[in-house]
Structures are given as C-alpha cells and as structure tokens.
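Student: I have a model open and some labels to question. Can we take them one at a time?

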Amino acid sequence: VREDGDDFRLMVTVGLPSYLQQFADGKERVEVEGGTVADVLDALGKRYPGVRSRVVTERGEIRPHINVFVGERNCRFEDGLSTAVPDGAEVLILAAVSGG
C-alpha cells in the first residue's frame, strides 16, 4: 500500500509469440500485474486461460518447450517461477528452439 492509501500494483508487459496470440484476443502484448513470474502467469491465466495452460503444466511448472524471459534473463536460470519481475518489466514467452 502506498502512502496515499492506494494499492501499489506492479504492471508488467507480456510479449506473446504468434501461436499464443490466438488465445489472447489476437494481442501480441498484454499488460498484467505481478511481482514474480508465477504472479504474472497467474494474472495472464485469469484473463486468458488458453495462454496459461499452454505455458504451464498441470503440476504448475513451465513446459519444457517454453522459455520465459524477464528482460534478457531466462527464468529457468534464475529462480524459476519465483523470479522477481520489477515494475515496468517486459516478460517474453517464447517457444524453445532446438535442432541439430
């Protein structure tokens, strides 16, 4: 809560890959609240359930073929779903690229 009594909400921009945009009313970017990657994904899921279910498994883990970045940091190599997301940050959801 801020000094003026209003709740302080951390606003985050989430960038969605083209294959997830169909589940988010065609939007490439959406704004949600959240202080951690888990908070951001939960808020995203409340607004666009089809997106969250394609990013997070039934056990609440990021799917193996998905990468979630906070700025330039891949949350897999940080604190996972507990990775802090600063106010105004950009979170990018990307499909993992593999091949040989």
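Student: Why is N74 called buried?
Tutor: This is a predicted model, and the relative accessible area of N74 in it is 9%. Buried means under 20%. So N74 counts as buried, at 9%.

Student: Which residues is N74 in contact with, leaving aside its neighbours within four places in sequence?
Tutor: N67, V68 and F69. Contact requires heavy atoms within 4.5 Å.

Student: What makes the approach of the N74 side chain to R76 a polar contact?
Tutor: The N74 side chain reaches the backbone nitrogen of R76 at 3.0 Å. The limit for a polar contact is 3.5 Å. The pair therefore qualifies, at 3.0 Å.

Student: Where does N74 lie in the fold?
Tutor: In strand β4. F69 stands opposite N74. Strands β3 (residues 66-70) and β4 run antiparallel to each other, over 2 bridges. Pairing takes at least two bridges, so β3 and β4 count as paired.

Student: Why is β4 called an edge strand?
Tutor: The open sheet has 5 strands in the order β2-β1-β5-β3-β4, with mixed pairing. β4 (73-74) pairs on one side only, and so does β2 (29-33), which makes them the edge strands. Helix α2 (residues 37-47) packs on the sheet, touching β1 (11-15), β2, β3 and β5 (90-95).

Student: How do you know that the charge of R54 sits over the ring of F23?
Tutor: The charged end of R54 is 3.7 Å from the ring centre of F23. The distance limit is 6 Å, and the charge must also be within 35 degrees of the ring normal. R54 is listed as sitting over F23.

Student: How many aromatic pairs are there?
Tutor: The count is 0. Ring centres must lie within 6.5 Å to pair.

Definitions and conventions:
Residues are numbered from 1 along each chain as its sequence is written. This is a predicted model: local features need pLDDT of at least 70, side-chain atom pairs count only at pLDDT 80 or more; totals for chains, interfaces and linings use all residues. Side-chain values use heavy atoms; hydrogens and water are left out. Helices (H or I, at least four residues) and strands (E, at least two) are DSSP runs, numbered from the N terminus. Axes are lines fitted to C-alpha atoms, for helices over the stretch in contact, and angles run from 0 to 180 degrees between N-to-C directions. Rings of Phe, Tyr and Trp (its six-membered ring) pair if their centres lie within 6.5 Å; planes under 30 degrees apart count as stacked, over 60 as edge-to-face and the rest as tilted. Buried means under 20% relative accessible area, exposed over 50%, partly exposed in between (1.4 Å probe, protein chains only). A polar contact is a pair of N or O atoms within 3.5 Å; within protein, one must be able to donate a hydrogen and the other to accept it, and residues adjacent in sequence count only if both atoms are side-chain atoms.
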